[in-house]
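Please open the structure in your viewer and keep the selection tool at hand.

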Amino acid sequence: MSQQKSDYVDDTEIDATLDELADDETVEETVANLEANGFEVVVVDSADDALEAVKSQIPAGASVMNGHSTTLEEIGFDDYLSEGDHEWESLPDQIWSIDDDAERQAARRESQTADYFLGGINAISETGELVAADLSGSRIGAYPFAASNVVIVSGVNKIVPTLDDALDRLESVAYPLENERAQEAYGVESAIAKQLIFRQEVEEGRTTIVLVRDQLGY
C-alpha cells in the first residue's frame, strides 16, 4: 500500500505556505537552535543520504522499532528494515507476525522501549522545538522517554518560524494529509488525539534529527 504524499496532496486542502522548502539561512538557524536545545542534528541533501545517515546511527545487535512515517517510507527505511539486510533486531517484523490481537498490542507497547525508535515529525520551529501528534500515540509515545535512542527524519519543508506556526502546521498541513491516508489505509478518520511538543532533549546524544534538504513527508 502506497504511503506517498503525492497520493493525497492533490485532493487535500492544505496551507501550502507552511510546506515550503526552507532556505540555507533558515536551516542553519534551525540547526543551531535545535542543538542548543540538546538535539543532535545531521543535515543531508537527499533521501538516499538520509537512509545512509540513519543506518550509520544504529549499531549491530540493536532492537529497532519505527512508528508510521511517510518520510521513513520515502527514504526507503521501511523496506530496508523489513528486508533484513542488516544486523538489527526488527521489532515490527516480530509484532506483525503475532496473530493474537491482545498479544500483538502488548508487543506494540513493549516496543516503545526499543534500543532505537525511528519516526518522523509534523513540524520543526526555527526556535528549536518539535511538534507531532497522532491518533493512538504509538508513533510518538517513545519520543519523550521510553526508547533508549530516538532518530527522527524530516524534510526541511517542515521548518516554520515559531512554535505557534508549528502547531498551525500540524493542524493545517499534517492532519489533513494524514486524515486522507488513514481513510484510505484503514477506512477510518484520523484525529489529533495525542500531541507532543518536544522542547528540549536533556539526555546527551539520545535524540538525533536527520534533516533532509528536500520536501519529504507531511
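Begin by selecting Asp 23, Glu 25, Glu 28 and Glu 29, which gather on the surface in a patch of negative charge. Patch members have over 30% relative accessible area and no salt bridge, and like charges are joined within 9 Å, with Asp and Glu counted as negative and the place of a charge taken as CG of Asp or CD of Glu. The areas come from the Shrake-Rupley method with a 1.4 Å probe, and for residues only the protein chains shown count as cover.

Before going further, note that this is a predicted model, in which local features need pLDDT of at least 70 and side-chain atom pairs count only at pLDDT 80 or more, while totals for chains, interfaces and linings use all residues. Residues are numbered from 1 along each chain as its sequence is written, and side-chain values use heavy atoms, with hydrogens and water left out.

Next, select Asp 19 and Arg 169, which form a salt bridge with their closest N and O atoms 2.6 Å apart; the term means a side-chain nitrogen of Lys or Arg within 4 Å of a carboxyl oxygen of Asp or Glu. Because Asp 19 lies in the loop between H1 and H2 and Arg 169 in helix H9 (residues 163-186), the pair ties together parts that are 150 residues apart in sequence. Asp 19 is buried at 7% relative accessible area, and Arg 169 is buried at 0%.

Which residue does Lys 55 meet in a salt bridge? Select Glu 52, whose side chain meets that of Lys 55 at 3.0 Å, N to O, and see that both lie in helix H3 (residues 47-57), three residues apart, about one turn of the helix. Lys 55 is partly exposed at 23%, and Glu 52 is partly exposed at 46%.

Finally, select Glu 178 and Arg 181, whose side chains meet in a salt bridge of 2.9 Å, N to O, and which are both buried.

Methods: Patch = residues over 30% accessible without salt bridge, like charges linked within 9 Å, V, L, I, M, F, W, Y side chains within 5 Å. Helix = DSSP H or I, 4+ residues; strand = E, 2+ residues; numbered from the N terminus. Buried < 20%, exposed > 50% of the residue type's maximum accessible area, 1.4 Å probe, protein only.
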